Amino acid sequence: MNSDKTLKISVIMSAYNSEQYLNEAIESILNQTFGNFEFIITDDCSSDGSFEIIRSYAQKDKRIKYFRNSENLGLTKSLNNMIGTASGKYIARMDADDISMPDRFQKQFEFMENNPQTGVLGTNIIFFGNYNAESDLPADNEEIKAELLFRDVVMHPAVMIRRSVLDEFKLRYDESFRISQDYDLWSRIICFTECANLPEHLLRYRFVDSNLTNSTNTEYREPFLKRIFINQLKRIGINPSYEEIRYHIILASKKKISRFDDLSGIMLWLEKIADKNKGTLFYDQAVIESILSKHWFSICTDSTGFGLKTLFMYRKLKFKNQHHTGSKLKIRFILKCMAGYDKK
């Protein structure tokens, strides 16, 4: 236990019918090498044995404070309620089916103490279960900020947030978001503080059928994503048209296009974002152009069926070389465009 009696970290976790994995999740927090924390757990009206598991751990470890919702409130409202009861300097998130590495809190706490400009700190994660991979997230604030224009790059169950930032700027999760509530919060919090990601993989993120469905069902996510994208675009003076937000969703969701005219429209859309940012400099210009260039290469790579027209269109983007795509990928792209031309 840290000799400083001031509470450093409040861990918040909501559980709903999580009995299958709950023991592993709770024990991964209780076994942290950094012990100066309170562990706030809310059972969101589970119908399985989750609440009994939580209560049994609380009887053995006084750092656990537990609550049971009388009705199912959902994750977003439960998180806000727990933030309201938390008293730590930092808020750390945890999910009821994931596993934190033993040194997660120690490394995050030390980084936050040494970098007071950082208000949000994530880590890389290891996916396991129905999907196995390791994340490779941007670490730098400017890159995270620019990437958030298209995708969430701060992993929610691995995050640590500076409580003073939430309170000073009256920031909480938007309870109208049943999913992507974290992405929405990061997209707003970047106006007030810096974000960072530790390069180490400090959480194991369990992929099961339920979160596979929710995270990959584009039709279900699109209304929430549109709200997040539009709010960010307005900061650089863009109130996007229906077509422009459609292009943005295509880029963010990596959808394939069926009309060549869409490729031309997407190029103009990316150039508009870059040009508008020059007036506000909300994003570092070189960084945002690099991110836009990366998405341009990706959509063109997926559109080689249009043949050499795609190659010629790719070369028209003013800042196409801002993102340093490897020479092998470029050669492969050119060859695929040529093969697409041969098929016509």
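Buried denotes under 20% relative accessible area, exposed over 50%, and partly exposed the range in between (1.4 Å probe, protein chains only). The structure is a predicted model, in which local features need pLDDT of at least 70 and side-chain atom pairs count only at pLDDT 80 or more, whereas totals for chains, interfaces and linings use all residues. Residues are numbered from 1 along each chain as its sequence is written, and side-chain values use heavy atoms, with hydrogens and water left out.

**View 1. Salt bridge between Arg151 and Glu147**. The closest N and O atoms of this pair are 3.1 Å apart; a salt bridge is a side-chain nitrogen of Lys or Arg within 4 Å of a carboxyl oxygen of Asp or Glu. Arg151 counts as partly exposed because its relative accessibility is 33%, while Glu147, at 1%, counts as buried. The structure holds 22 salt bridges.

**View 2. Salt bridge between Glu222 and Lys255**. The closest N and O atoms of Glu222 and Lys255 lie 2.7 Å apart. Glu222 belongs to helix H9 (residues 218-234) and Lys255 to the loop between helix H10 (242-253) and helix H11 (260-280), so the pair ties together parts that are 33 residues apart in sequence. Helices (H or I, at least four residues) are DSSP runs, numbered from the N terminus. Glu222 is buried, with a relative accessible area of 17%, and Lys255 is partly exposed at 32%.

**View 3. Salt-bridge network of Glu243, Arg246, Arg259 and Asp262**. Within this network, Asp262 and Arg246 meet through their side chains at 2.7 Å, N to O. Asp262 lies in helix H11 and Arg246 in helix H10, so this pair ties together parts that are 16 residues apart in sequence. With a relative accessible area of 4%, Asp262 is buried; Arg246, at 23%, is partly exposed.

**View 4. Polar contact of Asn80 with Tyr173**. A polar atom of the Asn80 side chain lies 2.8 Å from the backbone oxygen of Tyr173. A polar contact is a pair of N or O atoms within 3.5 Å; within protein, one must be able to donate a hydrogen and the other to accept it, and residues adjacent in sequence count only if both atoms are side-chain atoms. Asn80 is placed in helix H3 (residues 75-85) and counts as buried at 10% relative accessibility.

Note on methods:
Helices (H or I, at least four residues) and strands (E, at least two) are DSSP runs, numbered from the N terminus.
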